[in-house]
Amino acid sequence: MGDNSPAAYIHMVQYMIEKCLIFNMSREECMKALSEMANINPVITSTVWKELVKTNKEFFETYERKHTKNESMSEEETNKMIQKIISDSSD
């Protein structure tokens, strides 16, 4: 991304969180994956996630209910997904 402003960074983190949601990741899985694969501080991911929950409360209530019924992805699957997210976001 060409814009290095804090708003652009937060927007990028939000975009990556949204991709994690598509891959049915929990908040913890997303924080870990973005930390390891995109060098994003887990506190930043958690903060952006919490703001998304505030603005999309119904979605996240449904998401959490569905997520608790499903098994989590393997670490290898998670890493592949995050690599794809990173490469897509840099295009």
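## Tyr15 and the model

Tyr15 is found in helix H1; helices (H or I, at least four residues) and strands (E, at least two) are DSSP runs, numbered from the N terminus. With a relative accessible area of 29%, Tyr15 is partly exposed. On this scale buried means under 20% relative accessible area, exposed over 50%, and partly exposed in between, using a 1.4 Å probe and protein chains only. Tyr15 and Ile85 stand 70 residues apart in sequence, and their C-alpha atoms are 9.0 Å apart in space.

This is a predicted model, in which local features need pLDDT of at least 70 and side-chain atom pairs count only at pLDDT 80 or more, while totals for chains, interfaces and linings use all residues. Residues are numbered from 1 along each chain as its sequence is written, and side-chain values use heavy atoms, with hydrogens and water left out.

## The chain as a whole

The secondary structure of the chain comes to 5 helices and 0 strands. Read from the N terminus, the order of elements is α-α-α-α-α.

Of the 91 residues in the chain, 31% count as buried. The chain exposes about 6,100 Å², and carbon and sulfur atoms supply 53% of that area. Accessible areas come from the Shrake-Rupley method with a 1.4 Å probe; for residues, only the protein chains shown count as cover. Contact means heavy atoms within 4.5 Å. Among contacts between residues at least 6 apart in sequence, 67% join residues at least 24 apart.

## Helix H1

H1 has 17 residues and reaches 24 Å from its first C-alpha to its last, close to the 24 Å expected at 1.5 Å a residue. The expected span of a helix is 1.5 Å times one less than its number of residues.

The buried residues in H1 are Ala8, Met12, Val13, Met16, Ile17, Cys20 and Leu21. An α-helix has 3.6 residues a turn, so residues three or four places apart point the same way. After H1 comes Asn24, whose phi is positive, near 60 degrees.

## H1 against H3

Two packed helices are described by the angle between their axes and the distance between the axes. The axes of H1 (residues 6–22) and H3 (residues 42–55) come within 10 Å and cross at roughly 75 degrees. Axes here are lines fitted to C-alpha atoms, for helices over the stretch in contact, and angles run from 0 to 180 degrees between N-to-C directions. H1 and H3 are therefore roughly perpendicular to each other. Angles under 35 degrees count as roughly parallel, over 145 as roughly antiparallel, 65 to 115 as roughly perpendicular and the rest as oblique.

On the H1 side the contact is made by Tyr9, Ile10, Val13, Gln14, Ile17 and Leu21, and on the H3 side by Ile44, Thr45, Val48, Trp49 and Leu52. These residues divide into 9 nonpolar, 2 polar and no charged. Ala, Val, Leu, Ile, Met, Phe, Trp, Tyr, Cys and Pro count as nonpolar, Asp, Glu, Lys and Arg as charged, and the others, Gly among them, as polar.

Thr45 lies in helix H3 and, at 0% relative accessibility, counts as buried. Leaving out residues up to four places away in sequence, Thr45 touches Val13, Ile17, Cys30, Met31, Leu34 and Ile40.

Ser26 lies in the loop between H1 and helix H2 (27–38). At 12% relative accessibility, Ser26 counts as buried. Residues up to four places away in sequence aside, Ser26 touches Trp49, Tyr63 and His67.

H2 has 12 residues and reaches 15 Å from its first C-alpha to its last, close to the 16 Å expected at 1.5 Å a residue. Glu29, Cys30, Met31, Ala33 and Leu34 are buried in H2. H2 is followed by Asn39, whose phi is positive, near 55 degrees.

Leu34 has its place in H2 and counts as buried, at 0% relative accessibility. Not counting residues up to four places away in sequence, Leu34 touches Met16, Ile17, Cys20, Asn39, Ile40, Thr45 and Ile82. Leu34 and Ile85 are 51 residues apart in sequence and 9.8 Å apart in space, C-alpha to C-alpha.

Met37 is also found in H2; at 22% relative accessibility, Met37 counts as partly exposed. Met37 touches Asn79, Ile82, Gln83 and Ile86, not counting residues up to four places away in sequence.
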